[in-house]
Structure formats: structure tokens, C-alpha cells
Number of protein chains: 2
Amino acid sequence: MANAVRVLAMDAIEKAKSGHPGMPMGMADIAVALWSAHLKHSPADPTWFDRDRFVLSNGHGSMLLYALLHLSGYDLSIDDIQNFRQLHSKTPGHPEVGVTPGVETTTGPLGQGLANAVGMALAEKLLAGEFNRPGHTIVDHFTWVFAGDGCLMEGISHEACALAGVHRLSKLVVLYDDNGISIDGNVQGWYRDDVPARFQSYGWNVIDAVDGHDAWAVGEAIAQARDWGSNGRELGDGERRFAPTIIICKTVIGKGSPNRAGTAKAHGEALGADEIAATRRELGWSEPPFVIPADLYAAWDATQVGAERHARWQDAFAAYAAAYPEEAAELERRMRGVLPADWEDIMDNLVMDTVMEAQTVATRKASQLALNYLGPALPELIGGSADLTGSNLTVWKGVENLRPSPDSASDLNGGRHINYGVREFGMAALMNGLALHGGFIPYGGTFLVFSDYARNALRVAALSKLRVIHVFTHDSIGLGEDGPTHQPVETAASLRLIPNMDVWRPADSVETAIAWQAAIENEEKPTCLLLSRQNLPFIEREVVDVDLIRRGAYAVHAPRGAKAVIIATGSEVSLALAAAAQLAEEKIRVRVVSMPSTTTFDQQDVAYKRRLLPDDLPRIAVEAGVTDFWWKYRPEAVVGIDRFGESAPASVLNQHFGMTADNVADTVRQVLGL
Amino acid sequence: MANAVRVLAMDAIEKAKSGHPGMPMGMADIAVALWSAHLKHSPADPTWFDRDRFVLSNGHGSMLLYALLHLSGYDLSIDDIQNFRQLHSKTPGHPEVGVTPGVETTTGPLGQGLANAVGMALAEKLLAGEFNRPGHTIVDHFTWVFAGDGCLMEGISHEACALAGVHRLSKLVVLYDDNGISIDGNVQGWYRDDVPARFQSYGWNVIDAVDGHDAWAVGEAIAQARDWGSNGRELGDGERRFAPTIIICKTVIGKGSPNRAGTAKAHGEALGADEIAATRRELGWSEPPFVIPADLYAAWDATQVGAERHARWQDAFAAYAAAYPEEAAELERRMRGVLPADWEDIMDNLVMDTVMEAQTVATRKASQLALNYLGPALPELIGGSADLTGSNLTVWKGVENLRPSPDSASDLNGGRHINYGVREFGMAALMNGLALHGGFIPYGGTFLVFSDYARNALRVAALSKLRVIHVFTHDSIGLGEDGPTHQPVETAASLRLIPNMDVWRPADSVETAIAWQAAIENEEKPTCLLLSRQNLPFIEREVVDVDLIRRGAYAVHAPRGAKAVIIATGSEVSLALAAAAQLAEEKIRVRVVSMPSTTTFDQQDVAYKRRLLPDDLPRIAVEAGVTDFWWKYRPEAVVGIDRFGESAPASVLNQHFGMTADNVADTVRQVLGL
């Protein structure tokens, strides 16, 4: 069975002349142990929600996963395998969620799959705690991870695994491909961690020194991990410990290839015709490329057993639904990712109250005020902060912080706010895992400048079309004294460059509420909310037209006979309005456009864009950040900051960097030749 | 002595109404132990190269460092202390290298200072191995780090500390402020690492459970660490182990403040007048704000002893210089960061040979060809790769990989290429440390898309004006089959947004050589070299004018009577030239501008810019990435890719995404209304 995986991998890679045979060939036996006996899944329905989650964190070994999905009976044909790494195939170079049935997450950027898995296991534990009832265990699945040396060297593995230990995610099991080889060769020259000691320091269970080519031994270890995962591990004193488990499997990279096994050369290139022939001989495999004997297909096929398990679970769920109809309906809603029936009312209330209160607050505070409505109304919202809760204001009134208790696989305190610790990248990738699992809309906070730490996880979220929400506060030099290390002059612009990323930088409490609405309704994209540390004046509007604000840009001041348009975002909208007032005294009328979301505005129809920014009116853009970004809107001038900030009180900095109404007004006069 | 630090910190923070008193008050006793007895430094000459390096990785505790510098006799007056966090003061919110004498690195973004320190300690070990001679130990200093829970939670601490263990950096000593409190409160809810076990897993020495308020106990631990650092640690079997040391100091955050000590509230806000008064009583401190008794100044003053040590070292260096004049001169050159006298010849040779060879190669290969000249000629160049050596092509002919040997504090194999492992962020911050220490120009490689992982360290390098060079290969969809997780469509643009970051995306071997020249000559900024995986045609030029290419943009094709200008970078320059040739057949003449470095071009005088991009010629920009960035050059159209890539062979992707000469030519025709 393992050799079927090996030859599919090497043959597909050979045909593509591109790919990574070393890992699939090295982990094939481990895959047999997990997939043929332990993995709970139904190839006929890859969306069955109580399936085990399988994460290939070392995603370059994608052919391992494609081979497993094909052999197990997923909708992935041998033609698909033959189209490995071809345009629009179901078998891209690295696994991409949404492209291939059975692929749970997009991997390749190392370490992130492992962190996604921590999020998935946490989701399972949370849902089990919330929805299971005595006699009705309807949420009960494992999260399995394949990870290699690369994943464990990456810093994100430290963040994610430490947090998995804290939350005692006992149904998370990592199978570590300890082959001693990374791309540069034998890892001893750069990687000498005592991995068992490291994971014990996180409070994990460690099963060490398993022969990764002995599927029986691996299966025993998996059975042990499953038992510990569900029942806890007996400690000497009669206590039971619930903890994640890592199984350290000693393997040979490229196993089966007589001349490349055990070397870095096996890692990332096709073996070539000669070596493939030699490997076939070594494995005693006589079939031509892409032909698998029927008995091996039969041995691998999991459709029948999977369908039976799925059916049994459906029966159990039916019984649960009979006993607990409300909970069952709610769980189904959550897993489908549908918002509650009263969602529009919730938002109407929030916006109406926000308009009525007309508060001058920091937009981070406005965000918290919005959360006071959203948190209680949306049980799927799960918040958090990377150790900046009091600064990011990610807690709503009455929410509890999530805390594990040690004595069962699903016992948590029901908290819906996660103290992620100082772990921005881990948080972001974990949030991706929560979203991928389903049942949750995760949001998490840090300072905007530290979105850098998490940036690649934001990118993967955008690529994977995940509904995750980043609360990035302290969004400009307006944060003041903390200085240039903390002042994100280039960060807003750089986030807007990520495809499929929605970015909002609201100007006041109303825009903040609507940004939250957009974020929650963005079913297929992540959202970044860029929020001020400092108070921002409430914008007086004649009418609050939510639909207009939802378009990402709208006029907040539109006098007749305007001679120019000022475009501004966030904290600079009030500057623009003040500049317009100043100019009005000189009979110079200017329109002020608030553009909280360039990414949303860019999606609008041409007619709206032209109406808002007429071709015959010169434009001036204002934002307390780098100017490069703004030229896409063809302004005559941009008022911004093309250098790092300084440490000083915010009011001093605004003067110093020309973030003043005077300077904006002057710029308008210059543009108009006045 | 510790209380002098405490009151200076709390009073300066109170005056600024901003800052972080908890850490300075908590670590004051540790600071006494280190700074009053062990730290080797000379306040009168903070640039003395054999000084110990001190890194405040938990940089929010900046007032600790400012107080220490002031009290020890550095050029940092009590007025400077009173100007804490004010515009252009020498005491910004977080420590900034270059702003304050005695500040070794810019910290605040957590974890990075620790990684910088690993780089500094590695620099010391390398230089000691290279320059010390029997009887002449002229390079011999420690690197001391203060780090908190936040630093140790961050993933980068895993990457950096694992690598420090591999390289046996025994003269690196971390003093861990184990106060059990982070911003969100008692860390037990999110941080339960067994820190001793963790660091032992990296091969470090651990001194656990030191009372961080007992300066004598801390001093004993430091003495132990110094002994192990210089002489190795006796193991039972008569072996000696050389390893970094972490001293785990149990402390109380905000120590001395009766109502805030031991709480998160002590961390990040001024204590307020009442609590300051109470703290003064608690500490028995009767002096008014910013007054330190003369006897305490005298006790802290390190100028005399520092000057004596410095003088002794100068004598030793003079003896070394007498015995080894060439080595002494070379070490001085290296430490001053001055290039060798024959630098111009080296570059002339490189460029001339590159022009003569006229090779069609990938620019990553062209980079390696350049390194074959630069590596042997510049002993200060120290390369590396985050486990992608064979892909980044960061090794030159004959270079050895760096390997430690276990039996001394300075024994290394002389290798000048570092296998960083899969640790992009750690690599980048470690490179910053190598540059900060002096004696080295570090470069390091990974795939361009994974610059995301390291992004904040690039930002800090730019802010800190460090000469570090990033070799980012696989720079666009041209990498092909690895697919969208690996295709950096938005990354080039986003790197260009970082202030003081130089970015080059060369089009052929000649531009690559000149990009390297620029990078090495960029004394006060980091450089990113964005290099192709795939071959790029050699550009035929009538003359190779190095000075023009150094301007960041120049005409590669400039027919008379041109009707438009195509601006292109990297792999798209050859497309632009092909489009121009196609259009020439239709008698449409277009100029082609190669713009390998927008960041460099932006620095040119207006006359050059106008000459190259005349106002009366419409412009078309072409780059295989997001288009937003290019509008700053006011083109009529941009040919680019505003979505994620796909997995397929590069030639298929170029067609799919319109990265073709035909599409460029069509766009020109459209712009010209033809």
C-alpha cells in the first residue's frame, strides 16, 4: 500500500518534471498507518463536519496527499494525478483548500499548517464543550498533522505548540517526519534541537523513536495517542493528563529510491527515468506509470467504511436533534457559516445606536462598542489578542477569557476571548485554522505594525478565502510616544496590496461599525480593521447612508460648485473636513471623500466611481502613511509621510509631519494654483 | 543603586505621561549586578570595538537602559532623561541605535533584540577565530541580553536560540526577567513553557531560579556564566561544553511600587503622583525627581574603570599591531566598515567580465556569478540561506559552510556561509546583529514570498540604517509550478514601501552585478535583491554605462521619435524589448526604460527623471506583480497581475496572465489609440 503512494508520487512528479518526491516516499508508511486504520473520514462527503482533520504541514509533499485522496476514493481521478502542477488542475504544486476535495488547508509556507491544526483542534474542543450533551457526543474528532524538520525549525511552531500545550488540545496529534535531512543536507549542521525535550517543555505527550517505516509500530503509536487524546494519559498519581501528542517517526527521505534515499537530492526534484526504473526494481513494482493494481485500490478504498461511519454519525445526530432541537439547528447553522436570522436587526441596532450616541472616541474604542453588540449576538465570534487586550480592546462587556481545565478532552470554561500571548504569527495562523474548521468567525488583535510578524498568514488567509478578522490598532503616528518601531507608516498600504484582502481604516464610530459589518459579511475574504489609538471626532452627516459607506468611499462633505476633492481615510478625514471648512471661508469649495476601504471602493461600478471622483475635479489624497499607494487614484498631490516616524506626543508629531488642516488646505490651494 | 534606576524610570515616565515602568523597576537589581561589576564597557567611548554588547530585547523598558547609560557616565544628561519620549530627544520611546550613545540595537518589536544578540555573539566568535593570535586575544567580549516573557513567547526566540545552541555561542548570556506577568496579566493562562527544559533542548546552559532581586545572587550567576562562556563548562566525563547560557531570574514587575508591583498594571503606564509618592516612601527615597545623590553617581560611574580597561586593550592592540600589522590593519578596516582599497577594481572586473560573457542566465545565477568575485575579495561578506542554498545560490565557488567545533569559545571552521535552517525571521534579525556588531556585511537568502516571514526585521534594519543584503529569489510567477503560495505577486511592491529600503529587481547579469555593487555600497540602508528563478536574456546594450544603471532606471532602447515609454523591471524588460521590436515593424517607435530599482531612481535629480520619462510621452509600466505601485510614475496603463498566481509551468502562466510581448504591444497600441 505504501508503495502505491510512492510510485504515484514519483511518477506524477516525473511527468510534471517538477515537485518533491522525498517526503511522500519517506512518509508513505506513516500514511498507511494513519489513513488505512485510524483516520475518520468519508471520501464521498469531504465536508462531513465530524470528520477528522488531516493537515499536511510540510505541504511540498503534496503528492502524498493527492495520492492518498485518490486511492481512498475521493473525487480525484488518475487523470487529475497525471495533471499534477498543471494550470487549473485539481492537483496544484502545493495543497490548496477549495481546489481539491479533502484538502483541509493551504500549505507550503512552512510551519503554518501546524498552527492551522492547532486552531482546528481548538475549534473541535470548543464545539464539543458547547454542543455535546450527556449521551450525545456529536462533536468528537481528531486533528492529525504531518510535519517535517522545516515546520519545527520555524518560529511559528514554537508559538502554536506552546499554545496547544496551554489549552491541552489532546485530540491534536503530530506525526513528525524525523528524517534528518532538509534542503541544505544533513540537519546536524543547523538543527540539533532535542525535540522530545522541547515538546515536553510545552506540556505535550511525546512518543519518541518510532520506526517510521514500520506501519505497525506507527499504528501502535497512533492508537496510544488516540487513547490519550480521548481519555487522557494516566499519570503515576492517578491523575489523568490531557495534552497534545507528538509521535517522532524516524524515516528515510525518498525511501525506495536506491540512489537518492537519505539525501537532500531526494527532496525537491523529479527522480528521472533511470532512478525511477531503479526504484521500481527496488520496490518490486512492475506496473506502468499511473496504474495501480485493483487489489491495492480495494485495500485503500475508504468510501464504504467512511460512508458507514458517516451514516452512524448521522443517526447519532438525528437522535441529538430530536433531544436537543435548538442546539442541533444552531450547530448546523454555525457549521454552514450562515449568520443568524436576525443579523440585519443586530446591525441596524448597532448602527442606529452608534449614530445616536455620536461619540468622539478612538476607533479602537468604537470597535469595542461594536463588539458589545456583536459578541453576544453572534455565538460564532471568537476573539482574542496577542497580549494587547487592553490596547486592542478586543473584549466585549461580559466576555470571559478562554481557559482550559485539565480533566477532560473537551472541558473549557466557555470563554470566547483567547489570550494568544505574544504570538502574532501563531495567532493569525491559528485563526485560519478556526475558520477552516468551521463553526467560528475568529478575530484577533495586535498593533498594526506587528501585522508584519503575521503577514504571511494573512496572505494565506486571503489566498484561501477565509473569513478571519484582524483588529489592528495604533494605526499611524497618532500612537505618539512609542515611536517609529511602533508607527506603521507603510503598513496600511502594504496590506492593501494583498489580493483578496479587505482593508478598512474607519474615520469614526459609524464607519467602524460598518467596517465590522463588512468584515463579518465577507464570507470569502479576510478583513483588516485599522484602528486609531487616539480619539477621532464623530463625523456629522446629514443622513447616515449605510449602503454608501459600505461602498468603501463616499462624500462626507459635498458642497455645490466644488473645485477639488480631498480623499482621506481614518484619522485624516477630520483634517480634511477642517481644511475644507478653512477653504470655505475663502470661498473655495471642496468635496471631502472619506475612503475607509480602498479595497471595497475598487470593487464598485465605474459610474459610482466617476460620480464620487469626477474626472474634472483635481484630487488631493491625505493619509498619515506612505504616499506611493495613493497615486492609483490619480491625485494631483498626496499629503502623507514617506519616512519613519518619531517618538513624541501625537500632537507634536502631527505638526512635525504636516498632518494638519493647514497643510492640507495649503496643498489644495497649491493644486488649484491659488 | 537599583533604586536610583527605579526612581529615574518612574519619574521620567511620569513626566512624559507615557512609558513602561514595570520592567525597569523589576530588572533594576539585575542591572546592578551586570553593569556595576561585569559589563566591559567604556562610557567615554561607546564605539570601542571590544566592548561587551548589551541588548535590551524587552525594549519597552527603555528607561532602564537610559538610566543605566546616564548613571554610568555616557553622554546622556539628566536633561536628556527629562526629555524622555519627546521629539528629537536622545531618549525615544524605544531604544534606537544611532540616536543614543551606548544603545547597541533598536528594540521594541519583541524577540528581535534576542536574535540580534545571537548575531552579535556570532560576530564576536567569528572575529575571534579569524583575528586572535597566540598571546594576542584582542577580540574577547560577551553579549548580554535582557529578555522578558514576550521575547520568549515570540517564535523568533525559537529560531535564534536554536541556532545559538548549534553554533555554541558560549559568550552569549541571556538574563531572563521571569516575572510571570505580561500585558494581559498572569501568564499562566497563555504561557506555561518549562523554560529550563526548553533551553536545554537547544543545548544551552541553564541557571534556574535565581532571585532577581538579590544582586549578589545574580552576580554569582553571571560570574558562573562568564566562566562557562570563556572556559567551557566541565561535564562529568572531563569534557568541556561551550554553550550559551540563560539565567532565569525570578522577579516582581514594578518592584518598589506598593500597589502596582506584581501586576500587569505596572507594565505600561505612568504610576501617577500618588503611587510615585508611595513608592518613594517604600524605597526610602527622599530626593526630588531627577536628583540622584552624588554618592550614588559615584558608585555607578564607570568612566574611570572603563577608560582604564579600554586603555589596557589599546596597549594590547598596539602589541598585536606590532606583531601582526596586516591583521591589525585589516581588523580596523573591517570594524570601520570601509571597503578594501581595490574595491573599484573588483567591481570593474566583475562588470567587465559580466558584459563580455553576455550570459543568458537566471538572475539568481547571475548573483552567484557576482558572488564568485565578491566573496573572495571581501572578507567581510558573510553569506547564508534559510535552507534554500541550492535555490538561492548564495554560495560562491570555494566557500565553506560555517560549522562550530565543540572545544573552545572561538573555534569555528572558518566557513563564511551560514546554513540558517528554515528560519527566515531569525536569519534576518541575526543578520542585523552581525551588521550592528561590525566587521561584517551579511547577506542571506530565501524565496521572495517568504520575506513576509522576516518582514519586521527588514523594517527594523531600514529604521536602524543597517547594511544588510537580502537575496530574495523566485521573484514572480516565473517560478512556475510551486504555485500561488510561492508566487510573490504583491511582495516586490510591498518591500518598496518600507522607508530607507533599497530594492533591486535586475533584468540581466549586468544589472545584477550592479545591484550587488549598490547593495555593498549602501552603507546606511538595507538592500533587497529580487532575483528570478528562470533564465533571463542578456540585454544587448550599445555601451554599458554603469553610472546610468546605478541611477536605478535608464533607457535600454531609445529610438528617435519615440511615441511612448515602456517602463519594466526584471524579467519583464525582455518582454518590453520584444514588444518594442514588434511595434517597430509597424513604425511605432517606443522607448524602453529598465527600472531595476525604483527606490534608487526616486532619489535622482528632477532633470534626470524628466529626461528619462519626458512629460510628453505616455508611459506604460510592466511588472509581473500588483499594479497599484506603478501609478506613482503616472503611466497611462500598467500591465501586471492583480490576483494570486497559479500552479503551472512558467510559460503557461505567462500566457495565462498576459505577461507576453503581444500583450505589452497591444497595451501600447491602446494607449496610443491605434
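This is a predicted model: local features need pLDDT of at least 70, side-chain atom pairs count only at pLDDT 80 or more; totals for chains, interfaces and linings use all residues.
We can begin with the interface, where 96 residues of chain A are in contact with 96 residues of chain B. The two chains bury about 8,000 Å² between them, and 56% of this area comes from carbon and sulfur atoms. In one salt bridge, the side chain of R459(A) meets that of E490(B), with an N to O distance of 2.7 Å. On the side of chain A that touches chain B, the elements giving two or more residues are helix 6 (149-153), helix 7 (155-166), helix 8 (195-201), helix 16 (389-392), helix 17 (424-437), helix 18 (451-464), helix 19 (491-496) and helix 25 (650-656) of chain A. The residues on this side comprise 39 nonpolar, 30 polar and 27 charged.

Attention now turns to the second largest pocket, which holds about 1,200 Å³ of space. Its lining is made up of 49 residues, and those closest to the pocket centre are V97(A), G98(A), S464(A), K465(A) and L466(A). At least two lining residues come from each of helix 13 (325-336), helix 17 and helix 18 of chain A. Helix 13 of chain A gives the largest share, with four residues. By residue class, the lining of this pocket has 19 nonpolar, 16 polar and 14 charged members.

Technical notes:
Residues are numbered from 1 along each chain as its sequence is written. Chains are lettered from A and ligands numbered from 1 in the order in which they are written. Side-chain values use heavy atoms; hydrogens and water are left out. Contact means heavy atoms within 4.5 Å. Buried area is the accessible area (1.4 Å probe) that two parts lose on being put together, summed over both. A salt bridge is a side-chain nitrogen of Lys or Arg within 4 Å of a carboxyl oxygen of Asp or Glu. Ala, Val, Leu, Ile, Met, Phe, Trp, Tyr, Cys and Pro count as nonpolar, Asp, Glu, Lys and Arg as charged, and the others, Gly among them, as polar. On a 1 Å grid over the protein atoms alone, a cavity is a set of points where a 1.4 Å probe fits but cannot get out, and a pocket is an open set with protein on both sides within 12 Å along at least five of seven lines; lining residues have an atom within 4 Å of a point. Grid points are joined across faces, edges and corners, and a volume is the space filled by probe spheres set on the points.
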